[in-house]
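Here's a quick briefing for anyone meeting this structure for the first time. Take a look at it, then read on.

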Amino acid sequence: MVAINTGYLDLVPNYLFKDIADKVKALKAANPEAEVISLGIGDVTQPLPDACVKAMQKAAAEMGSAETMRGYGPDFGYAFLRQAIQKNDYADWGIDVAEDEIFVSDGSKCDISNIQEIFAADAKVGITNPVYPVYRDSNIMAGRKITFLPCREENGFIPEIPKEKLDIVYLCSPNNPTGTAFTKEELAKWVAYAKENQAVIIFDAAYKEYITDASLPKSIYEIAGAKEVAIESRSFSKTAGFTGLRCGYMVVPKELKGFTPAGEEISLNQLWGRRMATKFNGVSYVTQRAAEAIFSPEGKKEVAETIRYYMDNAKILKQALEDMGYKVFGGENAPYLWFKVKNGSSEEFFARLLNQAFLVCTPGNGFGSEGEGYIRFTAFGTRENTQKAIERLQKVVL
Ligand code: PLP
C-alpha cells in the first residue's frame, strides 16, 4: 500500500449527478415506453461543420500515405492552427496575442485543471459559487484552500471584488451555469484587482461564441493591461461541436510573470511551455486540421448557423419559462438558462419535472451551495426536443 494525495479525500463526492443518473434510469425502467428529454445536458447535439469533416477526410488520407504522413506534432500545436487562431480569434478583433502565446490542447477542461500546477501549493484561490466544478476540484486535489465568491441575483451573478488578497481567481464568461456575462467595466475591475494584488486571473471563455451583445467582451484581453494578469482558455467544444473530437487552446501571455521563492521574476509562458512539453504530446494532426477548418469561410458560416440554432432554442425556452412566471437569467449571451424554483428545493423541482413530464434538468445545487433553489436548462437539444419539452412544461404543475 502507498500513501495517497490527501487532497483527493477533501473532494466532495459528486453524489448529485450520480443521483440524477440513477433517478432517470429508474424512471426509464418503470416506464420503458417513455421518451425522456434532457434539458440538462451540457453536450452538443448538432453535427460537426461539413468544412471540418472534409478537412479531417483530407488529413486522414495524408496520414495514410508515406509521403505525407505525420508523426509527433509540435508540442504547442501546428503552426497552421496557431496562426489561424492568432488571426481569426485575436488579430481580426484588434487584440494583440502572438502565435507563441497560444498553446493548442485537447480541450479546456484539461487546460483549466492543469494550469494550477505551475502555481505555489499555498496560493490562495478564489472561485465563484455556483461554479463549473473543475476549477474547484482541481485545486482541492492540489491541497489548496479556496475562497468562494458568491454569485447571487443581488449582484447580477457577477462576483464582487474581494477585500482580501487572492493569488489566483477563476472567472467564466459567458458563465456556466448562470448564463450571465461580464461587461467590460466589470471585467476591468477584476483586472485592476489582479494588478493591485499580483494575482492571476484564469479566464474561461469556452462559450465566447454565444455572446450576441457586441458591447460584451469575448476575450479578457479586450481590457487594457489584462495581458499582464490573465490567462485565457478557449475551447472548440461548444463553438464547433468538438466535444467528442477534443481541441481547444490556452493563451499564456509573455507579459505574465510569477516569482520564485528567491523573489526572482519568471515567465509563466515559459513555465506552461515546459509543462506542456513534458506532460502532453499534442492533439492529433487530423483534429488540428479540423480545428483549422472552423476558420475557413464555410466553417465560419456553419458555426454561426449552429450557434444561432442553439440560441433560438434558448430564446423559445426562455419565453416559455417567463410565460410560466419564472424570472430567467442567461439565455441571451449563453446557451444556459438559470432560474429560481417557486416551491421547494432544486432537487424537488428536478423530481417533479422528471416524474410529471419526463424532462431532465440540472439542479443548481450541483454547482455549489449558492445554486440551491435554482435550475439550469441548456439550449443544446434539438429543436424538436426543445419544442416537445416546452409543450410538456406547459402541462405540469411545478
Ligand atoms: N469550461 C466550461 C465553463 C465548461 O462548461 C466546459 C464544458 O462543459 C468546459 C470548460 C470544458 O470544455 P472542453 O470540452 O473543451 O474540455
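**A quick tour**

The side chains of E35 and R392 meet in a salt bridge, at 3.3 Å from N to O (a salt bridge being a side-chain nitrogen of Lys or Arg within 4 Å of a carboxyl oxygen of Asp or Glu). This pair ties together distant parts of the chain, 357 residues apart: E35 sits in the loop between helix 1 (15-30) and strand 1 (37-38), and R392 in helix 12 (residues 383-393). Helices (H or I, at least four residues) and strands (E, at least two) are DSSP runs, numbered from the N terminus. By the salt-bridge rule, the count comes to 26.

Bear in mind that this is a predicted model: local features need pLDDT of at least 70, side-chain atom pairs count only at pLDDT 80 or more, and totals for chains, interfaces and linings use all residues. Residues are numbered from 1 along each chain as its sequence is written, and side-chain values use heavy atoms, with hydrogens and water left out.

**Two domains**

- The chain is assigned domain 1 (6-48 + 298-395) and domain 2 (50-296), with bounds from an automatic or database domain assignment.
- Their C-alpha centres lie 26 Å apart.

**Where the domains meet**

- On the domain 1 side 35 residues are in contact with 43 residues of domain 2, contact meaning heavy atoms within 4.5 Å.
- About 3300 Å² is buried between the two domains, and carbon and sulfur atoms give 59% of that; buried area is the accessible area (1.4 Å probe) that two parts lose on being put together, summed over both.
- L48, N333 and E370 supply 23% of the area that domain 1 buries against domain 2, more than any other three residues.
- The rule finds 2 salt bridges across this interface.
- K327 and E153 also meet in a salt bridge through their side chains (2.6 Å, N to O).

**Around the ligand**

- Which residues are closest to the ligand? Of the 14 that surround it, they are S108, D204, Y207, S235 and S237, where being near takes a heavy atom within 4 Å.
- A polar backbone atom of S108 is 2.7 Å from an oxygen atom of the ligand.
- In the side chain of N176, an N or O atom is 2.8 Å from a ligand oxygen atom.
- R246 has a polar side-chain atom that lies 2.7 Å from an oxygen atom of the ligand.

How values were computed
A polar contact is a pair of N or O atoms within 3.5 Å; within protein, one must be able to donate a hydrogen and the other to accept it, and residues adjacent in sequence count only if both atoms are side-chain atoms.
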